[in-house]
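Biologist: I am new to this structure. Please take me through what each label rests on.

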Amino acid sequence: MITDVVVAGGGPNGLMLACELSLAGARPVVLERLIEPSEEPKANGLLGQVVRVLDHRGLHERLSGSPHPPQPNSGYFMFGAMGLDLSLLEDSPVHALPVPQRRIVQVLQERAVELGVEIRRGHELAGLSQDDDGVTIDVAGPGGAYQLRARYLVGADGAHSTTRKLSGIAFPGVTYDRMTVLSAHATVPAEWVDPATGALNVPGHGAVFPFLPHRTEHGGFSYAPLPGHPPLISTTEWDTPATDAPMSLEELRASIRRVLGVDVPLDPPDGAGPHVLRRLTGGNTRIAERFADGRVFLIGDAAHVYAATGGGPGLNLGLQDAVNLGWKLAAEIRGNAPAGLLDSYETERRSAAERMVLNAQAQSALIAPGSDVTGLRTVFTELLGDRSTVQRLADLLAGADVRYDMGEPEAHPLTGRFAPDLDLDTPAGPVRLAELTRNARPLLLDLTEEASLADAPALRHDHVDVVTARSRIPTPTALLLRPDGYVAWASASPRPGPTEIEALRAAMQRWFGVITPAHT
């Protein structure tokens, strides 16, 4: 028996991909080396465009524990440990979802099981070979070695990806060895915490606002009072002496003294844990030489890693890799994928990865120690009073500046971008656009006068849902959405004419295959 897709890695990215494949009708099997999900504290939340992506799949409510849709941060934020005043923007793109990675894994695993995904824990990829028809996968499992045969294999197995190595895909980039990050859950004096702002008021130094990196000429400091956990205290220093000694709170106290110039009392954390007590030296920024090799694909850290300053960029990017690849791979398996569809995965996601490199490198440069960097930051701070500068940096942070090439030279400004969050009135009642995309199918949203697109025979397509509605804003009047939420075509015309209809038809064929009459 041949499996549609084997996913190597059962972390957030692998599970997200499995959910996307299952929604699109493919049958994935997930191999995960760990018997149980890791309890090790890792990422503490999601930032930017990915939060809206999860909302499009109905996962935001599960992860946030709130029935309300994602709300953008319209207040104070940071770029390179410098204040970014998002209140200057009419529409902030920065969404944040504070949730630990182990909870993300739990929710995605629950969703995968609901969708019928087979998850094999304690099983891992040990070897592979491929031919024109599929991939033969050697698996090491609790009961011994065995083989699987699949149409495709996707490596979601992290920065040290076995899939990537077995496929002979190079991982070029840069290794940084000057930076040391110390992190620990610890208890700080309660009287130092401002009840109004949540800031940590450090005597002799000043206020350090929660969750926002704080830079001095000697390094960086952060204070993150995550809900349900003791505060996470971190420092960043450059060119510190190497040590193999176990990490300790005393080491962190000494680092804080060097960075802030004052002592901060730290006591062991309350509660059972697991608690962070971690030293990370150096880091890597790398992008795989290619994201695919024949029938083998890479997503997440297997394809790209970043030496970054926070915001979980790897996880934010990896989950979106999964959503981009899932529907394309499923279309190929169904046999209705247009030519070049799978090739667009690397084209699109590589551009997003390169933007994330730019983001990570720029922020790393701006938080480095030294008076010359302080001078650069002074100039940069002056620029941050300009709304257009804040908009560009906010878009970069959120990943909202990613625009895919949809093949239309004179396209509507929304084309190629992630869909706007529209409030709609439909025959069935009010609904948000995000709620219409939960099934991960292409969607033609007809907001035109008299629903002029919905009944056009030339636009009926087996794999495209059509919804007629009225929007509470006047434009756009029609949108064609890919399953990953990106706009493949858009119009602002009350009744699109023949030229726009032909452009819409071309977009449907380019992304979803030859148009055949939809079944009635």
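Biologist: Which helix supplies the largest share of the lining of the second largest pocket?

Modeller: The model is predicted. In it, α2 gives three residues to that lining, the largest share. Both α2 (49–55) and α10 (387–398) supply at least two residues each.

Biologist: What makes R52 a lining residue of the second largest pocket?

Modeller: A lining residue has an atom within 4 Å of a pocket point. R52 is one of the 29 residues that line this pocket, and is among the closest to its centre, with D91, S92, P420 and D421. The pocket has a volume of about 810 Å³.

Biologist: How many residues of that lining are nonpolar, polar and charged?

Modeller: The lining has twelve nonpolar, eight polar and nine charged residues.

Biologist: Why is V30 called buried?

Modeller: Buried means under 20% relative accessible area. V30 has 0% relative accessibility, so V30 counts as buried. V30 is found in strand β2 (residues 28–32).

Biologist: Which residues is V30 in contact with, leaving aside neighbours within four places in sequence?

Modeller: Contact means heavy atoms within 4.5 Å. On that basis V30 is in contact with V7, G9, G10, A18, V117, E118, I119 and R120. As for D91, its C-alpha atom is separated from that of V30 by 39 Å, and the two residues are 61 apart along the chain.

Biologist: How do you know that strand β9 (residues 135–141) is mostly covered?

Modeller: Five of the seven residues in β9 are buried.

Biologist: What makes β8 and β9 a pair of strands?

Modeller: Two strands pair if there are at least two bridges between them. Strand β8 (residues 124–130) and β9 are joined by six bridges and run antiparallel, so by that cut-off they pair. Q130 stands opposite V135 in β9, and a hairpin of four residues joins β8 to β9.

Biologist: How many bridges join β9 to β10?

Modeller: Seven bridges join β9 to strand β10 (residues 144–155), and these strands run antiparallel. I137 stands opposite L148 in β10. The hairpin formed by β9 and β10 has two residues between the strands.

Biologist: Which residues have the most contacts inside the largest nonpolar core?

Modeller: They are L46, L325, L329 and L480, in a core of 80 residues. Helix α7 (residues 313–334) gives ten residues, the largest share of this core. Another core lies apart, with 20 residues, including L200, L249, V259 and L260.

Terms used
Residues are numbered from 1 along each chain as its sequence is written. This is a predicted model: local features need pLDDT of at least 70, side-chain atom pairs count only at pLDDT 80 or more; totals for chains, interfaces and linings use all residues. Side-chain values use heavy atoms; hydrogens and water are left out. A nonpolar core is a set of buried Ala, Val, Leu, Ile, Met, Phe, Trp, Tyr and Cys residues joined through side-chain atoms within 4.5 Å. Buried means under 20% relative accessible area, exposed over 50%, partly exposed in between (1.4 Å probe, protein chains only). On a 1 Å grid over the protein atoms alone, a cavity is a set of points where a 1.4 Å probe fits but cannot get out, and a pocket is an open set with protein on both sides within 12 Å along at least five of seven lines; lining residues have an atom within 4 Å of a point. Grid points are joined across faces, edges and corners, and a volume is the space filled by probe spheres set on the points. Ala, Val, Leu, Ile, Met, Phe, Trp, Tyr, Cys and Pro count as nonpolar, Asp, Glu, Lys and Arg as charged, and the others, Gly among them, as polar.
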